[in-house]
Amino acid sequence: MTNAPAPKPWIMDIAPYIPGRSTTDDGRTVAKLSSNENPLGTSPAARAAYASAADTLERYPDASGAIVREAIAARFGLDAARIIYGNGSDEILHLAAGAYAGPGDEVIFVRYGFAVYEIATRRVGATPVIAPDRDYATDVDAILACVTDRTRVVYVANPNNPTGTFAPATEIARLHAALPGDVLLVLDQAYAEYLADQDDDGGLELAKTARNVLVTRTFSKIHGLAAERIGWGYAHAEIVQALHRIRLPFNITIGGQRAAVAAVEDRAFVEHTRAHNAEWRAWFAAEVTKLGNAGLRAIPSEANFVLVVFEGALTAETAYKGLMDAGYIVRWLPGQGLAQGLRITIGTEAETRGVAAALRDLVERGASPAHATAPDKGIERG
């Protein structure tokens, strides 16, 4: 026996969170294309709503998140009582594992999936089960092949992070239909607002009727409220009631709640951001395709980033360091098994043109970076 407290062994198996970098190794502030933030900023209406809360700092926020739930319900045609809210959608992803999994249980997610799934799984002592991908995309058959009588939760990000791939509604419906009724299917839609309307994966409609589906979304991406950490989810009333039992009290601030209401009501800002992203994501992917002879490949993306894989002489690590030298911080994720890829956020027009030009320059000169840096093994998100 020792005289010091010992953490649970499964806690020590968790790789700690490391956020996306904002500065280079030498301290320069450069273009940050590593965290999938909105390059167009925040809705002016949301910013003004947030500022209006400055005179309420002595007050606790509404613990029920009533104005946020009502605004979301009105926007998406949902029952406000079945909306859960959290400190980013990350909190809700953790609540799902906390309420439905524990030691001896298994939680399934895809290889190259969002890293929080593994943290949420290990945090409750459950066992992570990794389903193989299909060229970086979600493989429904592979997920179903992993299901056992110990499976309690399945996480699927759609579009997926960090690959940007998208599973259509037919595949999501097929996955849900084949899962046992006592397995919770968590559809992580942090990037859903970047999809065209006709590409809806049907998750919210499924959550309206199914008793084992939880859909999560965030205000951190297209709404440009990453600093306030506001996420929400929708599910059957019994699921929401279970999540509320372990949700932190007062988990979204007064300013955050007001900003979220204004953001969800500012449809013009969302449409403008979506159009900007679609235009420059397509342009950037085309620029990467032009470098195909050098082994670069853009994985088809429906999110606000593109995963570029390096299958030639120029490695992802060398490109990561070279882009940093050129003034662009992107995401290299060897800790998630993606040593061969860089996840690059779609930025402003100038940033997107600039990072594409820097990438081309690295290919043309077969450059080696001027310095060596530690890889960014962190995770991030909504």
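This is a predicted model: local features need pLDDT of at least 70, side-chain atom pairs count only at pLDDT 80 or more; totals for chains, interfaces and linings use all residues.

Residues are numbered from 1 along each chain as its sequence is written, and side-chain values use heavy atoms, with hydrogens and water left out. Helices (H or I, at least four residues) and strands (E, at least two) are DSSP runs, numbered from the N terminus.

**The sheet**

- An open sheet of 7 strands, with mixed pairing, has the order β2-β8-β7-β6-β5-β3-β4, where two strands pair if DSSP finds at least two bridges between them.
- The edges are held by β2 (83-87) and β4 (127-131), each of which has a single partner strand, so one side of each is left without a neighbour in the sheet.
- On average, neighbouring strands of this sheet are turned by 25 degrees against each other, direction ignored; axes here are lines fitted to C-alpha atoms, for helices over the stretch in contact, and angles run from 0 to 180 degrees between N-to-C directions.
- Strand β3 (residues 106-110) pairs with β4 in the parallel sense over 5 bridges, and isoleucine 108 has valine 129 in β4 as its bridge partner.
- β3 is also joined to β5 by 3 bridges, the two strands running parallel, with threonine 151 in β5 as the bridge partner of glutamate 106.
- β5 and β6 pair in the parallel sense over 5 bridges, and alanine 157 stands opposite aspartate 188 in β6.
- Of the residues of β5, 7 of the 7 are buried (under 20% relative accessible area, with exposed meaning over 50% and partly exposed in between, for a 1.4 Å probe and protein chains only), so this strand is largely enclosed by the rest of the structure.

**Helices against the sheet**

- Helix α7 (residues 169-178) lies across β5 (151-157), β6 (184-188) and β7 (213-218), and runs at about 160 degrees to β6.
- β5, α7 and β6 make a right-handed β-α-β unit, right-handed meaning that, with the strands pointing away from the viewer, the path from the first strand over the helix to the second runs clockwise.
- In helix α5 (residues 116-123), Val116, Tyr117, Ile119, Ala120 and Thr121 are buried, and what covers the buried residues of α5 includes α4 (88-100), β3, β4, β5 and β6.
- Glycine 125, whose phi is positive, near 85 degrees, follows α5.

**Asparagine 212**

- Asparagine 212 lies in the loop between α8 (203-209) and β7, and is buried, with a relative accessible area of 7%.
- The side chains of asparagine 212 and histidine 176 are joined by a polar contact of 2.7 Å, that is, a pair of N or O atoms within 3.5 Å, of which, within protein, one must be able to donate a hydrogen and the other to accept it, residues adjacent in sequence counting only if both atoms are side-chain atoms.
- A polar atom of the side chain of asparagine 212 also lies 3.0 Å from the backbone oxygen of valine 183.

Terms used: Contact means heavy atoms within 4.5 Å.
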